[in-house]
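Welcome, and please take a moment to turn the model around before reading on. We will walk through it together, one piece at a time.

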Amino acid sequence: MFEFFDSIKLSIDKGFFAVENIQYWLIAHITDLLLAIVTFVIGQAIARLLRRAIDRIIARTKYDKTVMNFVSQIVYYLMIAVVVLMAADQMGIPMTSFIAGFGAIGIGIGLALQNNMSNFASGLMILFFQTFKVGDYIVVDGAEGTVKNIHLMNTAIVTRENKTVFIPNSLLTSQKLTNSSYMKKRYIQFVFDISYDNDHHKAIKLLKEIFKANKLVLNANHMEIGIIAFGDNAVQIRAMPLVKNENYWAVYYRTMSEVKDKFDANGIDIPYPQRVVYVKEAVENTQEPVSNVKETTSDIKNAQA
């Protein structure tokens with residue numbers, strides 16, 4: 001019975017001793033404790049301000065909202081973790097072992113998710129460097145289309161056939177990428193073939209009339225146009241009209257139709273590939289000379305034959 005009360009008394013004495021130790025520790029480290037609290041409060045405020053600033057920056061890029069929130073939260077909690085470590089260090093708590101442990105865990109996770117981390121890092125690069133944004137028309141690694149969404153690990157583009165293609169973000173930052181919407185205006189490169197028998201001056205004049213009649217062409221009066229090459233079967237004339245991005249295809253299709261009509265109406269031929277074949281035949285049992293037969297056929301006729 002007395003042993004039971006002795007154990008209770010001993011427990012109470014240990015409790016009072018522990019409380020006294022806490023009191024002594026608080027008195028001895030009251031300055032460090034206050035500095036740690038101030039550090040945490042100020043650090044948390046800075047983290048909130050930084051999070052709001054990042055939200056404003058990301059909002060201007062028209063980035064995917066899910067990604068925006070995720071990136072914002074990651075930055076915020078990383079800042080909070082740094083503030084907690086600083087506050088703990090201010091109180092004299094050794095954090096070296098914790099940092100080493102977290103570092104080892106981070107290395108293990110990084111190795112296990114190497115490809116995903118690469119895609120994630122590439123997504124952040126796309127976000128901040130803005131090589132393209134939602135709504136831009138891009139071409140990369142044989143795929144092309146309009147950017148629909150930019151996700152953490154990949155980017156979705158919609159092709160002209162209305163197919164959705166998901167491209168890893170790491171591919172978008174490591175491969176050659178063409179952004180047709182990066183500039184507000186674009187040149188359309190046309191190459192028109194005319195026959196060697198036609199007057200190229202007349203053809204160029206007709207082309208200029210077509211472009212000047214189109215109000216969507218911005219450089220009709222000083223456009224680059226002229227013979228670019230002499231092909232095997234045709235004289236090649238290049239024209240470079242300047243248009244706004246949103247008018248690119250409208251001008252392209254209208255021009256192609258009008259050029260065909262204009263050339264047909266003015267006797268300008270658009271030649272097809274031709275091949276000249278020489279056939280030599282020896283006439284048996286005669287003294288007649290070998291005859292040469294000249295025959296002209298098109299590639300299309302040869303293919304059908």
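A few ground rules come before the tour. This is a predicted model, in which local features need pLDDT of at least 70 and side-chain atom pairs count only at pLDDT 80 or more, while totals for chains, interfaces and linings use all residues. Residues are numbered from 1 along each chain as its sequence is written, and side-chain values use heavy atoms, with hydrogens and water left out. Helices (H or I, at least four residues) and strands (E, at least two) are DSSP runs, numbered from the N terminus.

Let us begin with the sheet. Five strands make up an open, antiparallel sheet, in the order β4-β3-β2-β1-β5. At its edges stand β4 (164-168) and β5 (177-179), each with a single partner strand, so one side of each has no neighbour in the sheet. Here two strands pair if DSSP finds at least two bridges between them. Strands of a sheet pair through backbone hydrogen bonds, either parallel or antiparallel.

Now look at β1 (residues 137-140). Three bridges pair β1 with β5 in the antiparallel sense, and Val139 stands opposite Thr178 in β5. Four bridges join β1 to β2 (residues 143-150), again running antiparallel, and the bridge partner of Tyr137 in β2 is Thr146. The hairpin of β1 and β2 has two residues between the strands, and Asp141 takes a positive phi near 50° there.

Next comes helix α8 (residues 248-265). This helix has 18 residues and reaches 26 Å from its first C-alpha to its last, close to the 26 Å expected at 1.5 Å a residue; the expected span is 1.5 Å times one less than the number of residues. Which residues of α8 are buried? They are Tyr248, Val251, Thr255, Val259 and Phe263, where buried means under 20% relative accessible area, exposed over 50%, and partly exposed in between (1.4 Å probe, protein chains only). These residues lie on the same side of α8 because they cover an arc of only 75° around the axis, taken from the directions from the helix axis to the C-beta atoms. An α-helix has 3.6 residues a turn, so residues three or four places apart point the same way. The face turned away from the buried side of α8 carries the exposed residues Asp261 and Ala265.

The buried residues of α8 pack against several elements, including β7 (190-194), with contact meaning heavy atoms within 4.5 Å. Val191 is found in β7 and counts as partly exposed because its relative accessibility is 41%.
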